[in-house]
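Subject: Structure handover

Hello,

Here is the structure we spoke about. Please open it alongside this email and follow the residue numbers as you read.

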Amino acid sequence: MAIRIDGRELSKKVKERIKAEVEELVKSGKRAPGLAVIQIGEDPASSIYVRNKERACEQCGFVSWKKTLAEDTSQEELLALVEEFNNNPDCDGILCQLPLPEGLDENLVIETIRPDKDVDGFHPINAGKLLLGLPTLEPCTPYGIMEMLHEYGIDVAGKNAVVLGRSNIVGKPIALMLLREHATVTICHSRTKNLEQICREADILVTAMGRADMVDLKYTNPDQIIIDVSINRKDDGKVVGDVLYSEVEPKVQAITPVPGGVGPMTIAMLMQNTLNAYKRHEGISEE
Ligand code: NDP
């Protein structure tokens, strides 16, 4: 049976550590970190994510602002709200829940958020810094994956890491982070040939395709560590990852479950990024 990389447990630990640190800061007379969460429209999935983020702010002792704008909000109104938080000295992080309703320009919104408050790590300046290996606010999902690997003592140096997916929010940044820690990285996508064979040779396999149950035993080997990022809702309402868990789990070294793996870590690292941004704003060392 594989080691279960438990994102739910680890995320609790991360949030408890943050909470303790914030309590100390507040006790010493400093303000608490602040996060603004903007939602446009009432998409049910987005509402769940936003609620979870608000709850995490409470758990960590952060100040949070939740702003819900109407589905037909104009680009100008949305950008004006972002600017308001850009200029609010008590606000350390701003995130706009994606995807946006049709007609609103996602890139423009991301580029309007001040890079030092971009706790999603999506701003081109932060993406560029990650590419260059400079300190920055890193995208939460890959940041959480690296935290899981560290916590479980998985040294990636020299390992053969295969990433399934090349999105800007998961595939590309996790590939860069694995490379930074000296893995040999292969990025695969929908045009990749010999996918099964490439995956079978991986020591670490990160799957972020959004393809329910696609990764079966043909993609794995007994020594493999699998990080399943995907969240796929099946017709019967069940949430699964890309990995056919029941078949694969008994035959690999370690694996993240879905749900309870990468998902909770993403929110925990959003809190960590907000604390990191706060420390930079307040001139506190991040050591
Ligand atoms: P995207 O749809 O942006 O990217 C999917 C990637 O997978 C693309 O690069 C695509 O290739 C590749 N792909 C799709 N089908 C195949 C296939 N059959 N063979 C090989 N490659 C394939 O998704 P995201 O990166 O935004 O998200 C991926 C998954 O992770 C989703 O399920 C999402 O819900 C989940 N997610 C989970 C998070 C969490 O906190 N746990 C956070 C963010 C996302 P191509 O580029 O060629 O189209």
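The notes below go through the sheet, an aromatic pair, the cysteines, and then the spaces inside the structure.

This is a predicted model: local features need pLDDT of at least 70, side-chain atom pairs count only at pLDDT 80 or more, and totals for chains, interfaces and linings use all residues. Residues are numbered from 1 along each chain as its sequence is written, and side-chain values use heavy atoms, with hydrogens and water left out.

The sheet

Helices (H or I, at least four residues) and strands (E, at least two) are DSSP runs, numbered from the N terminus. Two strands pair if DSSP finds at least two bridges between them. Strands of a sheet pair through backbone hydrogen bonds, either parallel or antiparallel.

In this model, six strands make an open sheet with parallel pairing, in the order 1-11-8-7-5-6. Strand 1 (3-4) and strand 6 are at the edges with a single partner strand each, so one side of each has no neighbour in the sheet. Strand 5 and strand 6 (residues 184-188) are joined in the parallel sense by five bridges. Among the bridge partners, Asn 160 goes with Thr 184 of strand 6, and Ala 161 goes with Val 185 of strand 6.

Is strand 5 (residues 160-164) largely enclosed or left open? Four of its five residues are buried, so strand 5 is largely enclosed by the rest of the structure. Buried means under 20% relative accessible area, exposed means over 50%, and partly exposed is in between (1.4 Å probe, protein chains only).

The aromatic pair

Rings of Phe, Tyr and Trp (its six-membered ring) pair if their centres lie within 6.5 Å; planes under 30 degrees apart count as stacked, over 60 as edge-to-face and the rest as tilted. The whole structure has one aromatic pair. Trp 65 and Phe 85 form this tilted pair, at 5.8 Å centre to centre and with 50° between the planes. Trp 65 belongs to strand 3 (residues 63-69) and Phe 85 to helix 3 (residues 75-86), so the pair ties together parts that are 20 residues apart in sequence. Trp 65 is partly exposed, at 21% relative accessibility, whereas Phe 85 is buried at 3%.

The cysteines

How many disulfides are there? A disulfide is a pair of cysteine sulfur atoms within 2.5 Å, and the count is zero. For Cys 60, the closest cysteine sulfur is in Cys 57, 7.2 Å away, which is too far for a bond. For Cys 96, the closest is in Cys 91, at 13 Å, again too far. Cys 60 is buried, with a relative accessible area of 0%, and Cys 96 is buried at 6%.

The spaces

On a 1 Å grid over the protein atoms alone, a cavity is a set of points where a 1.4 Å probe fits but cannot get out, and a pocket is an open set with protein on both sides within 12 Å along at least five of seven lines; lining residues have an atom within 4 Å of a point. Grid points are joined across faces, edges and corners, and a volume is the space filled by probe spheres set on the points.

There is one cavity of 30 Å³ or more. The largest cavity holds about 70 Å³, and its lining includes Cys 96, Val 109 and Phe 122. Strand 4 gives the most to this lining, with three residues.

Regards
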